[in-house]
Amino acid sequence: MNRQALSREIIDTCLEMTRLGLNQGTAGNVSARYNGGMLITPSGMPYEQMNEDCIVFVDGDGHYEAGKLPSSEWRFHHAVYQARPDLDAVVHNHAIHCSAVSILGKAIPAIHYMVAVGGTDHIPCVPYATFGTPKLAEYVQQGIQQSKAILLQHHGLIAAEKNLRKALWLAHEVEVLATWYIQLLAITNDVPVLSPQEIQVVLGKFSTYGLRIED
Ligand SMILES: C[C@H](O)[C@@H](O)[C@@H](O)C(=O)COP(=O)(O)O
Ligand SMILES: [Zn+2]
């Protein structure tokens, strides 16, 4: 895909993320792997004001175009692309329920078989580090190797996938899981979970599930 079209897709993904109620204001950011680096949203700009020229190219060494300011979180997007050569798109947001679980410093356990969407039997929560720092990128690099979706403690969610459409879908699924988890925690501290063995069965079924169009 050419730069203009991919930049448009990034902006549309941001707008859809807000429409789905997954983000507020200028929080969050979106990127796609491109030309040995990535295209990423600019820092602190409302999504409705973005056009294709606002999207920033950051190369594989972290250099970016003069006169443009990439997302303050470009380091953790870069870390995802380094850690996961199989994934080409990253969505970050401050979705309400994901952020609430992250504040508790908890992973989302296997409360529903859909937890397998991340590729394992829970959605991990990586330790807190200040936004935009190399330390946060280091935690992300470790966490994303376990799961395509991770919570950032006291912060929000990262979801990475093969393309932007799937990354946004994954972010939405994890927010649904987090919503159930928060509601369950209000009732009990002993939330029932599925076994790791059952999640392995589900992961096997997911690998052949549906028509798998546009993988
Ligand atoms: C302070 C920022 O909102 C931070 O939380 C960052 O993680 C974020 O979500 C948006 O920052 P950018 O606009 O710099 O992408
Ligand atoms: Zn953030």
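This report describes the sheet, the helices packed on it, a helix pair and the ligand surroundings in a predicted model.

Seven strands form an open sheet with mixed pairing, and their order is 3-2-1-4-7-6-5. Its edges are strand 3 and strand 5 (125-126), each of which pairs on one side only. In general, strands of a sheet pair through backbone hydrogen bonds, either parallel or antiparallel.

| Strand pair | Direction | Bridges |
|---|---|---|
| Strand 1 (residues 29-34) and strand 2 (residues 37-40) | antiparallel | four |
| Strand 2 and strand 3 (residues 56-58) | antiparallel | three |
| Strand 6 (residues 149-152) and strand 7 (residues 156-161) | antiparallel | four |

Individual bridge partners can be named for each of these pairs. Y34 is partnered by G37 of strand 2, and M38 is partnered by V58 of strand 3.

Strand 1 and strand 2 make up a hairpin in which two residues lie between the strands. In that turn, N35 has a positive phi of about 50 degrees.

**Helix 3 and helix 5**

The axes of helix 3 (residues 96-103) and helix 5 (residues 164-185) come within 7 Å and cross at roughly 55 degrees. The two helices are therefore oblique to each other. The crossing in which helix 3 passes helix 5 is left-handed. Helix 3 contributes H97, C98, A100 and V101 to the contact, while helix 5 contributes V174, E175, A178, T179, Y181 and I182. By residue type, this contact of helix 3 with helix 5 comprises seven nonpolar, two polar and one charged.

**Surroundings of ligand 1**

Which residues surround ligand 1? The shell consists of T26, A27, G28, N29, T41, S43, G44, S71, S72, E73, H92 and F131. The residues of this shell divide into nine polar, two nonpolar and one charged.

Methods:
Residues are numbered from 1 along each chain as its sequence is written. Chains are lettered from A and ligands numbered from 1 in the order in which they are written. This is a predicted model: local features need pLDDT of at least 70, side-chain atom pairs count only at pLDDT 80 or more; totals for chains, interfaces and linings use all residues. Axes are lines fitted to C-alpha atoms, for helices over the stretch in contact, and angles run from 0 to 180 degrees between N-to-C directions. Angles under 35 degrees count as roughly parallel, over 145 as roughly antiparallel, 65 to 115 as roughly perpendicular and the rest as oblique. A crossing is left-handed if the near helix is turned anticlockwise from the far one by less than a right angle, and right-handed if clockwise. Two residues are in contact if their C-beta atoms, placed from the backbone, lie within 7 Å. Ala, Val, Leu, Ile, Met, Phe, Trp, Tyr, Cys and Pro count as nonpolar, Asp, Glu, Lys and Arg as charged, and the others, Gly among them, as polar. A residue is near a molecule or strand if its C-beta atom, placed from the backbone, lies within 6 Å of it. Two strands pair if DSSP finds at least two bridges between them.
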